[in-house]
Amino acid sequence: MEGLQAGGMSIHWGKTWHGSGKNESRSRPRRGLGLHFAPATVKFTPEACKSSLWRSHVEGFDDLSTVILSEDDFPITWKPLEERL
């Protein structure tokens, strides 16, 4: 990524087109960490079955709108104030 120094990091919206050149180091692998946030009230569509990210969480459901993500894998990190009271 333009202007990103070795050891730096980039934080961006998931739909932002991004990338970088090849790793020039022969001894230090490039590391990456992806965090995906979804609303706690998310309702899946058939497109989720095609997604490598979501497929394993929606397989086997006839009605995808009934899928509830496990809080073990997808902890709720924020709720509106009225739901926290």
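Buried means under 20% relative accessible area, exposed means over 50%, and partly exposed lies in between (1.4 Å probe, protein chains only). By that rule Val 58, with a relative accessible area of 1%, is buried.

## Basis of the model

This is a predicted model: local features need pLDDT of at least 70, side-chain atom pairs count only at pLDDT 80 or more, and totals for chains, interfaces and linings use all residues. Residues are numbered from 1 along each chain as its sequence is written, and side-chain values use heavy atoms, with hydrogens and water left out.

## Overall form

The chain has two helices and zero strands. Both terms refer to DSSP runs, numbered from the N terminus: helices are H or I with at least four residues, strands are E with at least two. Along the principal axes, the C-alpha atoms fill a box of roughly 45 × 35 × 25 Å. The radius of gyration is 18 Å, whereas a compact globule of 85 residues would have one near 12 Å. That radius is taken over C-alpha atoms, and the globule rule is 2.2 Å times the number of residues to the power 0.38.

Buried residues make up 8% of the 85 residues. Contact means heavy atoms within 4.5 Å. Among contacts with a separation of 6 or more, 10% join residues 24 or more positions apart. The accessible surface comes to about 8200 Å², and 54% of this belongs to carbon and sulfur atoms. Accessible areas come from the Shrake-Rupley method with a 1.4 Å probe; for residues, only the protein chains shown count as cover.

## Around Val 58

Val 58 lies in helix H1. Leaving aside neighbours within four places in sequence, Val 58 is in contact with Phe 44, Ala 48, Cys 49, Leu 64 and Val 67. Glu 24 is another matter: Val 58 and Glu 24 are 34 residues apart in sequence and 39 Å apart in space, C-alpha to C-alpha.

Ser 25 is in the segment before H1. Ser 25 counts as partly exposed, at 32% relative accessibility. The C-alpha atoms of Ser 25 and Leu 64 are separated by 44 Å, and the two residues are 39 apart along the chain.

## Aromatic cluster

Rings of Phe, Tyr and Trp (its six-membered ring) pair if their centres lie within 6.5 Å; planes under 30 degrees apart count as stacked, over 60 as edge-to-face, and the rest as tilted. The count by this rule is two aromatic pairs. In one of them, Phe 44 and Trp 54 have ring centres 5.4 Å apart and planes at 55 degrees, so the pair is tilted. Phe 44 and Trp 54 both lie in the segment before helix H1 (55-58), so the pair ties together parts that are ten residues apart in sequence.

Both Phe 44 and Trp 54 are buried. Together with Phe 74, they form one aromatic cluster.

## Surface features

A nonpolar surface patch of about 430 Å² is made by Leu 33, Leu 35 and Phe 37. Patches are made of residues with over 30% relative accessible area and no salt bridge; like charges are joined within 9 Å, nonpolar side chains (Val, Leu, Ile, Met, Phe, Trp, Tyr) within 5 Å. Phe 37 sits in the segment before H1. At 65% relative accessibility, Phe 37 counts as exposed.

A salt bridge is a side-chain nitrogen of Lys or Arg within 4 Å of a carboxyl oxygen of Asp or Glu. The whole structure has one salt bridge. Glu 47 and Lys 50 meet in a salt bridge through their side chains (3.2 Å, N to O). Lys 50 is exposed, with a relative accessible area of 60%.
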